[in-house]
Each structure stands twice: as structure tokens, then as C-alpha cells.
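Please keep the sequence and the structure in view while reading.

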Amino acid sequence: MKQLPLKHLIPGLVALFIISFLYFKTQSIDLNEHDHIIDSISQFKQVDAVLNQHILEIRLGLLPYYDSTVSNLVTLKQLQADISQRIRQQCNENPATIARHADAVEQALLQKSKWLESFKSRNAVLNNSLRYLPIATTQVLSHLSYSKQDNILQQSLNSLLRNIIIYNLTNETELGAKLSISAETLKSDFSSYPANARDDLDILLSHINIVLEYKEQMDTLMQQLLTVPTTQSMNQLLQTYITEYNKMVHQANIYRLLLYGFSLVLLVYIAYILFKLSRTTVALRRTVADLNYQKFAMDQHAIVSISDSTGVITYVNQKFCDINQRTPEELIGKNHRLSKSNYHPASFYKNLWLTISRGDVWHGQIQNLASDGSRYWVDTTIVPFMDDNAVPYQYVAIRTNITEIKKAEEQLRIQAAALKVAANSIVITDQHGTIQWVNDAFTRITGYSKEEATGQTPRLLKSGKYDIVFYQKIWDTILAGDVWHGELVNRRKDGSLYSEEQTISPVFDVQGEISHFIAIKQDITERQQTEEALRRSQKMDAIGQLSGGIAHDFNNQLGIILGYLDFLGKLFPENEKPHRWVETATRATLRCTDLTRQLLTFSRRQSTEKTVINLNASLNELNTMITRSLTPEVEVQYHLADDLWLTEINTGEFQDAILNLAINARDAMPGGGKLLIETSNQTLDTDYAELNYEIEAGDYVQLLLSDTGTGMDKETLEHIFEPFFTTKAKGKGTGLGMAMVYGFVKRYHGLIKIYSEPGVGTTMRLYLPRSTRSITAPVMNKNHEKKLPTGNENILIVDDEADLLQLADQYLSDLGYQTRLAENAAQALEILAKENNIQLLFTDVIMPGGINGYELAEQATQQWPQLKVLLSSGFTSKTIAQNALARFATQLINKPYRKAELALRVRQLLDERSQS
């Protein structure tokens, strides 16, 4: 009895051992490990695809940072290491083959990492050069003027900038060759420009060359990155693993067959198998229940659909029906194409289908079309389910509605674009004042790039014109939650100052605390310059009116003195000493007359007799006089334009102005130097006219005088055109020279611009309007009569200055004329009404009583058409004749007048009457 159990025990133990051995062999395949490996390989290929997509986005400028690519590359390396380790553990019978393919994947990743680092560095250089191109182009443009040639160069520069941006985003090789030719052409065109302009152009061309060179390298690197066989190597590793795995499965199946055979021998083993099956069934039921719960949870939160291998829908959950606005009956049995919105190109769906058809997971964002025509966006993951032949038999698509996110992204994109291109400078800082973002206008105005400004504080713009108290008040205002608004002067990167109008507003978070500050700034430098020009113009007008009024009154007194000195000179024709006294007093009076004439010239707003002239010809006539006016140590250089336009001015006034400027230049160069005189044609556009209030846009003749003298500071330039202002030593100048030049230029609607620096020199530019008339030959005055003409006609003299009235009466009475006297226009009209034998009205222009000389002449000639009129005036701005009164402007004798001049003008007018 004891042997029977032992007899069966030993075979049973042997059978149990064999069965156990066979069972162990059947369990050598770890299905969970296998599934994990397959999932890891799918994840590896998905991450690799996303990495390639991010590389394309970075190259196209759609992805500004490399964080995601670096993260994906790290993920790939981790997945590769994990996959290699698990496969080696799973397939330990043929490690060499597995190791070779695993090393191939690792080498591909190392190559991709190496090329990605090269791609990042070159892309950074390329983007830096692209961002700097507009700044470098603006710097080159600043050296260009408004000439026709420079306008062509400006167009070439702008065209080159546009083409280089287009070339960066395309694969047009012909455009690259064209850009190289354009760059070389520009370099040739700038060969005649100053060194600093060529240097700035070289900087621009160097960045263009960087773009051309790095763009090709970037395209090559991107092609290499996209063709690195990471996925292919992983697929080879997968195929090798599948092959080894299938061998292991086949071997396990053989052992399983043996196990089934031995199962008939040992009932205990059968019982054990049944026990195991029972446990497995329970676990499977629990798994099914878990899957049902998971499906329920997924249906509650995701949009799910299942389709067969041809894309025909076999299952949809309610959320899919809701967003698609169709019932399950309308969807099941239909192809997914019924939801296509035509937003994506055909290649998009082709790539999607190729991906899932080969068993890979596809992830992306799709715009679909609902039944009512509305469009919606879903973030979609499509997972293929494979049969035993590794062929997909169904696809599960899990979606998330991202329509509102897409709308928000588009809104943010539009808002960001608006802020980026805003004309005003915009700066966003954190609560501590650290700059976090600036727009393009900030870069354009300040010269600091976004990279240079980010992380700094607005202190980098401080001009040094304000103390700490000023800035503390700003901080106190905005930290209190209030908006600060004001004007201040800041400093650009290049050191130049500019004015801006600024508004700083605090931004509050959800807790009501200040999180950021937004500063909106407007560059008001040009506006202030225009206001300053207007202020100076109004100031000069006021000074002109004041000096003109004083000079006019002084002129009357000088006329009286000069007239009676003439009479005194005739009383002592034989007495040398008194006669010499009279001549000395006469010369002094004439000198005072010249000074008042200069003041009147400054205040005059209406031009005297004008002539169409060529400035080059007038300068050639003045060549000898200018040379003699200067010291031998001063070298005069002329650069006169060959095709100079004509202008219409008074030649004498122009020559006086040039001599004044030349003498001023001489006095500014006591030790010698150079005086450059240059003429050219200039067309001033509306932008220039807006910056220079005193002039209108149009064609002008430019006269430039530049010396290498001592120069002037800003305070001196502020008063340079004021009468009697001078920097010369006492007795060396009257202070009327520049005032006279200013009056001359303004009288002919021109513009004078002065640039000067102490110790460097002074450059003056005179702009005179272009004339379309031809040059007329001057008429020579051939009146050389020494004896004064006389007459016996009746003349009415009108002047509110009693002494001048008596002087004119004395002059005309000595010449034989019959005179009548009036102190104002009303008396003159009464005399004319009573006496009808008056042939000539000789009247002052400026008179009290509400009627000036022009108006008196107009009323008198209307009643007595045969009456001749001769006016006298110092010719200030108040005497400008308007409309019909302008016909009397040519019948005018300037005060103070001499007896001979009055005799000739009176006789000339009366003789014209008698001849008619």
C-alpha cells in the first residue's frame, strides 16, 4: 500500500516536473512587456514626427523657441534607451542582431542631435541678421538725400530688403543669384558716397551675405534633419524584434503543444490548469468591467468614433453626434469624409491616411464641418488596431473640441499683430519695472532691439535731464494705481535725444494687485521742432515789425537832417572849413541812412524790383569782390551745378547777402581756413515742408556756404537773425548783416538753414524758389544829366511829419514848382476838391487818420483820372499794397530822398503825362 503511492508519486513528480518545465517555456513570452515595447516604439515614432514638424515650424518662423524640440529630443533618447533595454531583456537568445539595430537607432539620434544643434546656432545667426536688416537699411537710407539718384537708391534698398525676406521663405535659387547681383550693384553705386555711408552699406551687405549663406545651410540642415533615419532605424529594430518575438512565440507554441499532451497524463495538472483558467476568467471579467467604465468615462469627456479599415463609421458616441449635429443613424455606415471642411489640402488627409494605414498613431488638429455648415476644430488622436497580420482592421479616433481655443488664439494673434505694428511705441513691464515686451515702434524709435530691451528697465533710456524726484513722482503715481501722463526727453541707443509724450497705465490681476505696467509712447520730436520753428518765425516777424517801425520814424528825421545839410552846403560854397563840416555831417547822415535801410530791408515783406537770374552767373561776377573781401589765408572753393535752375530775385540784394555771409565767414576764420560755395537744384517734398514751417514744398535753387571757422553754440544760433545782435568785438560790426540776409530770403519766400558746431565750422543753406521764366537783359540808365530838371506845375505835398513837409516844399519850390501843403489825407482831398489845376500828388504812405498814402492815391485818381501820383516811404511791412493798390507800388521814392532824386522822379512823371 505504501509502494503504490510511491509508484505513482515518482512518475507524477516527473510528469509534474515536465509539465512545469513545459509551462515555464510557454510563459517565456511576457505579453505586457511586449505591449509596452510596441507602445513605446509607436510613441517614439510619434515624438519623432512631432520633432520634425517643429523643425519645419522653426524654419518657417512659426515656432519661436527651441524648448519643444529639445524636450522631444530628450524624450526620444529616453524612449530609445528604454526600448533597447526592454528588447534586450525580452530577446536574450540573439543579442548581437538586436544590439546592432539598437545601436543604429542610437547613432541616428546622435546624428540628429548634432545636426539640430548646428541648425539652432545657424538659425539664430540667420534670424539675427534678418531682424537687423531693416535697421541696417534705415541706417544706409539716412545718408541719402532727396535727389533723384538717391530716390532710386532708396527704391533699390527697399526692393533688396523685400527680396531677401521673400528669398528666406522660398526655394527660388534664381532670386538668390539676383540678390547677390543687386548687392554688388548697390556697392558700386555707393562708391562715390562718403566713407560712413559705405561703411553702413558694408554692414548691410554683410548681413545680406549671412542670410544668403546661412539660408542655404539651413535648408540643407533641415533636409538632413528630416531625412535622418530615426524612424526607419526604429522600424528595422521593430522588425528585428518582431522576428525574434515570433520565433519565441513559435517556440512557446511547441512547448504548449507538448504541455497539452502531458495534460492528459496528469489530472492534477488539468485541475491546476482549470484553476488557472478560473482565475484568468475572473481577471478578464474585471478587465472587461474596467474597460466598460473607461469607455463610459471617455464618452463623457471625449468625442469618440470608430471606423473600419476603409474609413466607414461603425460607432459614434453622443458627443460626436452633438458637435457634428447628426444622429447616429445619419453617421454610422457613412465615411468620415462627410465631415470634411475643405480647410485642409488633399495632402493633409493623404499623410493622415498613410500614417494610420501603416499602423502608426496619428495626432493633429482638424477643422470639420457640421451638418448646418458651421465649422469646428478638434484635437484628434487616431489609433489603429492591428490584426494578426499587422494590418489595421479598425481605427479609434478620440477628439477634444478646441474651437474656442482656436478662436482665442486667432484673437490673440490679431491683437498681438496690432500691438506689434502700432505707430506708437509700446512697452510692457512687470510690477518691478523690468521690460518684458516691446513692439517694433519702440525698436525703430530708440534703436534698441527687442533682445536688448527685454530684461532691462526703462532706465536705459534716461537722458540725465531729470533728477530722482521726477522719476519717484512717476512711480508714486502708477504704484497708487493711477495713470501717469506727461512729456519727457529720453536718449536713444546712439546717444541722441528725443522727446516723447507718454502714458503709463497699471494692469491689475484677478486679486486686484498690480501685475504689469503698459507704457504707450509717442515721439513728439518733430512736432516740437515744428512748434519751435513757428515760434522763431513769429519772433522774427515781431522783431521785424518793431525794427521796421523804428527805422521808418528814424528815416524821416534823417531825411530832414540830410535835406537841410544840402541847403547849408550851398550857403558856404567858398568857405572851406564850414563846407567840410557840412560834408562830414552829410557822410555821417548817409551812414545812418544805410543802417536804417538795412533795418527796413530786414522788416520788408514785399520784394523790390526782381530779375530772373542764374546764381552761378552772379557768383562769377562777385568772384573778384569776394576774394578781395577775404584774407589771403582763406581759400575759396566753388562747386557750381552745371544745370542750375533760374530764380527770380533782386540782384543787388542777393549780392549784398553773399558779401555779408562771406565777410562773416572771414571773421570766423582769423587764422585762415576754407570757404566752400556750392549751388545745386533741390526738390523739397511735403515731409520736409511739414518739418520747416516757413517754406512750401516745391523746386528750389540751393546756395551753400560752408566755412571751417570757430562755429557757433546753440545760444548764439537762437539769436543769429536778430537786428543788432553780433558776436564781433565792439566797433567791428553793426549786427544787421544776418538780419538783412534773413529779410532777403524771407522776402522771396525762401528758407535759410544754419548748422554750426563750436570748433568745427558753420554751414548755411539758402533755398530760393525756382523760376520758370527766362533771363531778361538789364536796361541801362543813360540819364547822365548834371543839371537838375525844373518845372512850373502845381504839386500837392502830403506828409504828417511837419519838418519833412517843409523840406519837400523847399526842394520843389527851389525847382520852380507851385506847391500846396497838407498834413493828412483829409486835408489833401479838400485841397484837390477846391483846386482843379493840380497835376501831381506827392504823398507819404504811412499817415494817421485812417487813410494811408495808397488809399489816398486810389481815391484821388478815381475822382481826377489825369492826376499823377508819387509816393514816398521807408517801405515797411505796413505799407504793402493789396489788390488794385499794387499799381502804385512802382511809383515810389524811398526815404530819405535827396533833392536831385526828387527832381528827376517828379520831372519823369510829369513828362509822361505831357507825352500822353
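The structure shown is a predicted model. Its secondary structure comes to 27 helices and 22 strands. The protein has 916 residues, of which 41% count as buried.

**Overall fold**

- Contacts in the protein between residues at least 6 apart in sequence were examined, and 66% of them join residues at least 24 apart.

**The pair of helices α4 and α7**

- Two packed helices are described by the angle between their axes and the distance between the axes.
- Helix α4 covers residues 95-141 and helix α7 covers residues 195-227; their axes come within 8 Å and cross at roughly 155 degrees.
- Angles over 145 degrees count as roughly antiparallel, and α4 and α7 are therefore roughly antiparallel to each other.
- The crossing of α4 and α7 is left-handed.
- The residues that form the contact of α4 with α7 divide into 21 nonpolar, eight polar and four charged.

**Residue H207**

- H207 has its place in helix α7.
- Is H207 buried or exposed? Residues under 20% relative accessible area count as buried, so H207, at 17% relative accessibility, counts as buried.
- Leaving aside residues up to four places away in sequence, H207 touches S129, Y132 and L133.

**The five-stranded sheet**

- In what order do the strands of the open sheet lie? The order of the five strands is β2-β1-β5-β4-β3, and their pairing is antiparallel.
- The edge strands, each of which pairs on one side only, are β2 (residues 313-316) and β3 (residues 362-369).
- From one strand to the next, the twist averages 30 degrees.
- Within this sheet, strand β4 (residues 375-386) and strand β5 (residues 392-401) run antiparallel and are joined by nine bridges.
- P384 stands opposite Y395, a residue of β5.

**A helix against the sheet**

- Helix α12, made up of residues 346-357, packs on the sheet and touches β3, β4 and β5.
- The direction of α12 makes about 135 degrees with that of β3.

Conventions. Residues are numbered from 1 along each chain as its sequence is written. This is a predicted model: local features need pLDDT of at least 70, side-chain atom pairs count only at pLDDT 80 or more; totals for chains, interfaces and linings use all residues. Side-chain values use heavy atoms; hydrogens and water are left out. Axes are lines fitted to C-alpha atoms, for helices over the stretch in contact, and angles run from 0 to 180 degrees between N-to-C directions. Helices (H or I, at least four residues) and strands (E, at least two) are DSSP runs, numbered from the N terminus. Angles under 35 degrees count as roughly parallel, over 145 as roughly antiparallel, 65 to 115 as roughly perpendicular and the rest as oblique. A crossing is left-handed if the near helix is turned anticlockwise from the far one by less than a right angle, and right-handed if clockwise. Ala, Val, Leu, Ile, Met, Phe, Trp, Tyr, Cys and Pro count as nonpolar, Asp, Glu, Lys and Arg as charged, and the others, Gly among them, as polar. Two strands pair if DSSP finds at least two bridges between them. Contact means heavy atoms within 4.5 Å. Buried means under 20% relative accessible area, exposed over 50%, partly exposed in between (1.4 Å probe, protein chains only).
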